[in-house]
Amino acid sequence: MSETRYTRDHEWVRIEEEGIATVGISEYAQQQLGDVVFVELPAIGKSIVQGGEAAVVESVKAASEVYAPVSGAVIEANDALTDTPALVNEDAEGEGWFFRVEMSDPSELDSLMDVDEYTDYIQGLE
Amino acid sequence: MAETVSGNRGLLIEEKLIFEQDSPGHTGVDLPEPEAVNDRLGGLRRQGPIGLPGLSEPQVIRHYTRLSQKNYGIDSGFYPLGSCTMKHNPRLNERMARLPGFADIHPFQPQSTVQGGLELIHSLAEWLKALTGMPAVAMTPAAGAHGELCGLMTIRAAHEDKGETQRSRVLVPESAHGTNPATAAACGYSVESIPANDRGRVDLAALKAKLGPDVAAIMLTNPNTCGLFENEIIEIAEVVHQAGAYFYCDGANFNAIVGRLRIADLGIDCMHINLHKTFSTPHGGGGPGAGPTVLSEALAPYAPLPVVVQDEDGFRLIEHAHDWQDGKPLGRLKGYHGQFGVFVRALSYILSMGADGLAQASGDAVLNANYLLARLGDVLTPSFDGPCMHEALFDDRFLKDTGVTTLDFAKALIDEGVHPMTMYFPLVVHGALLMEPTETESKATLDGFIAVVRALAERAKAGDAEYFKQAPRLTPRRRLDETKAARSPVLRWTPPPEDKAAE
């Protein structure tokens with residue numbers, strides 16, 4: 001398993017097999033949102049662009065867009081979130097993943113933060 | 001508090017669902033069984049009961065009366081959600097709307113028989129034009145968001161008429177009402193957000209960087225959703241116009257500036273006016289909206305029909321493009337002539353206030369909000385420095401490390417008999433508490449509210465988080481499980497399983 005990288009919009013992305021990125025929202029994002037009640041996932045095959053809208057997450061407090069941390073085509077969505085959105089709260093950076101994408105430009109990962117940089121970043125937001 | 005035998009709390013009656021009160025055979029009207037007849041329903045006659053509960057007339061009356069007594073609204077007490085939801089509706093407006101000459105007319109009547117009604121629409125339009133300094137107004141949009149749609153459709157029509165079809169982007173500040181990006185998207189535009197600066201206003205440099213020949217419009221709320229006046233608005237209008245785009249102003253907060261400035265002088269091309277927010281018509285479950293949209297010289301030709309015009313023969317409706325030589329109307333946005341009953345109330349308010357009264361109302365709205373800001377600023381955490389407009393914005397920094405959230409704080413306000421303010425909006429600050437007292441609240445009411453908020457803030461800081469977690473205590477129902485309600489909503493009553501013991 002590769003290291004997890006993070007966006008400024010609080011998505012995480014991890015390469016679990018060659019060229020395939022798994023995407024979700026960070027533990028920090030989950031805490032800020034509060035109880036997640038609905039997740040709208042992208043359709044399989046949808047092509048997404050880094051920084052563009054990819055999914056929607058709705059909590060008791062707010063609805064937010066989830067932005068694509070990398071560009072590519074969606075190959076799998078975590079359908080378990082449809083029935084059990086609570087997975088996002090319970091395990092945001094594991095079982096609560098959103099979708100997997102076949103990356104068109106893996107070098108995009110270089111523009112994202114590693115866990116230490118992200119930790120510093122969210123401390124700056126407090 | 002001791003439990004009662006009945007489950008009631010004093011004269012607050014514990015009320016079951018009407019279906020749970022079903023006693024088969026009870027009925028309000030007891031009609032004799034009709035004689036057998038051959039129906040003409042083609043075999044589709046109802047086969048079984050339709051599942052309505054059996055109740056007597058007094059039971060039904062009590063049921064709905066009790067439910068209505070659990071309601072809390074602007075007529076019950078202080079309601080710092082403000083004009084977004086409901087502000088005081090002067091009863092004079094209602095009286096005028098019920099005059100038979102207004103209440104009993106029909107949009108299909110010959111125009112010669114409804115000259116008064118047409119004059120009323122025309123008079124309100126003239127007032128709205130005068131108050132904004134704009135040359136035209138589309139009266140038919142049925143609500144604020146419909147007015148936004150009217151404005152953006154007008155802008156799109158203007159661009160298309162000039163052949164500028166490459167304009168595909170609309171810029172919206174990140175603090176905007178959600179309806180702004182939704183409206184732009186509904187008109188086929190892509191939406192880009194403009195960040196705010198640390199003063200809570202639009203970041204002018206970021207706006208300039210995003211402008212270009214493919215931008216159709218900017219949608220800006222002024223005062224904005226943080227309750228702040230966008231004081232660089234004239235420069236914003238200049239750079240937007242230099243880029244060939246139009247300036248849409250969301251007029252949701254016009255109630256803070258009406259009678260004080262004319263939006264035409266700010267360089268705005270169109271703005272909707274929520275009649276409930278600025279002109280005191282009912283809203284929030286109390287009545288339909290109306291969102292007349294004022295238009296600049298550049299956009300006026302594209303206004304939707306119908307329009308009311310006045311000529312030597314009186315007032316006349318123009319309903320078809322071929323009768324409207326002055327323009328290139330984009331079509332119709334609504335059946336008939338707009339929300340007429342709302343127009344009656346708005347004009348009644350305007351005429352009873354007068355121009356000076358309207359200026360005083362916006363001044364009082366701003367004064368009341370600043371009074372809250374000044375009296376609460378030391379115990380809560382105001383999000384931005386300096387005075388506010390008609391609403392005071394705080395965030396949850398004052399609750400840091402107390403274990404109390406904005407939601408908990410709001411629930412504790414309910415126990416004190418106050419409807420909570422807007423929470424968690426706008427999203428640009430953390431754990432927002434947005435208070436809009438409106439112009440009609442007295443100093444005594446505000447002082448009562450301030451005393452409650454100060455005491456609760458001190459309680460939270462003293463470490464009594466448990467008190468807040470348990471709130472509300474004194475309501476007909478305690479804290480609702482909002483998460484469960486959203487995740488597994490029960491939207492339909494179903495009968496409980498048969499009670500064996502009762503058989």
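How many salt bridges does the rule find across the interface of chain B and chain A?

Author: Zero: the rule finds no salt bridge between chain B and chain A. Keep in mind that this is a predicted model. Polar contacts are another matter. Four residue pairs are in polar contact between chain B and chain A, with both residues of each pair at pLDDT 80 or more.

Next, the extent of the contact. Chain A brings eleven residues to it, and chain B brings eight. Together the two chains bury about 720 Å². Carbon and sulfur atoms give 55% of that area. Which residues of chain B lose the most area to chain A? They are B:Tyr424, B:Thr483 and B:Arg487. Together these three make up 60% of what the chain B side buries.

Now look within chain B. Four of its strands form an open sheet, in the order E10-E11-E13-E12, with antiparallel pairing. E10 of chain B covers residues 381-382, and E12 of chain B covers 422-423. Both stand at the edges. Each has a single partner strand, so one side of each is left without a neighbour in the sheet. Start from the E10 end. Two bridges join E10(B) to E11(B), which spans residues 392-395, and the two strands run antiparallel. You can find one of these links by name: B:Pro382 has B:Phe394 in E11(B) as its bridge partner.

E8(B) covers residues 307-311, E9(B) covers 314-318, and five bridges pair them in the antiparallel sense. B:Asp311 has B:Gly314 in E9(B) as its bridge partner.

Turn to chain A. Here three strands make an open sheet in the order E4-E6-E7, again with antiparallel pairing. E4 and E7 of chain A are at the edges; each has a single partner strand, so one side of each has no neighbour in the sheet. Direction ignored, neighbouring strands of this sheet are turned by 25° against each other on average.

Now walk across the sheet of chain A, strand by strand. E4(A), residues 36-40, pairs with E6(A), residues 53-59, over four bridges. A:Val39 has A:Val57 in E6(A) as its bridge partner. Then comes E7(A), residues 63-67, joined to E6(A) by five bridges. A:Glu58 has its bridge partner, A:Ala63, in E7(A). A hairpin of three residues joins E6(A) to E7(A).

Terms used: Residues are numbered from 1 along each chain as its sequence is written. Chains are lettered from A and ligands numbered from 1 in the order in which they are written. This is a predicted model: local features need pLDDT of at least 70, side-chain atom pairs count only at pLDDT 80 or more; totals for chains, interfaces and linings use all residues. Side-chain values use heavy atoms; hydrogens and water are left out. Contact means heavy atoms within 4.5 Å. Buried area is the accessible area (1.4 Å probe) that two parts lose on being put together, summed over both. A salt bridge is a side-chain nitrogen of Lys or Arg within 4 Å of a carboxyl oxygen of Asp or Glu. A polar contact is a pair of N or O atoms within 3.5 Å; within protein, one must be able to donate a hydrogen and the other to accept it, and residues adjacent in sequence count only if both atoms are side-chain atoms. Two strands pair if DSSP finds at least two bridges between them. Axes are lines fitted to C-alpha atoms, for helices over the stretch in contact, and angles run from 0 to 180 degrees between N-to-C directions.
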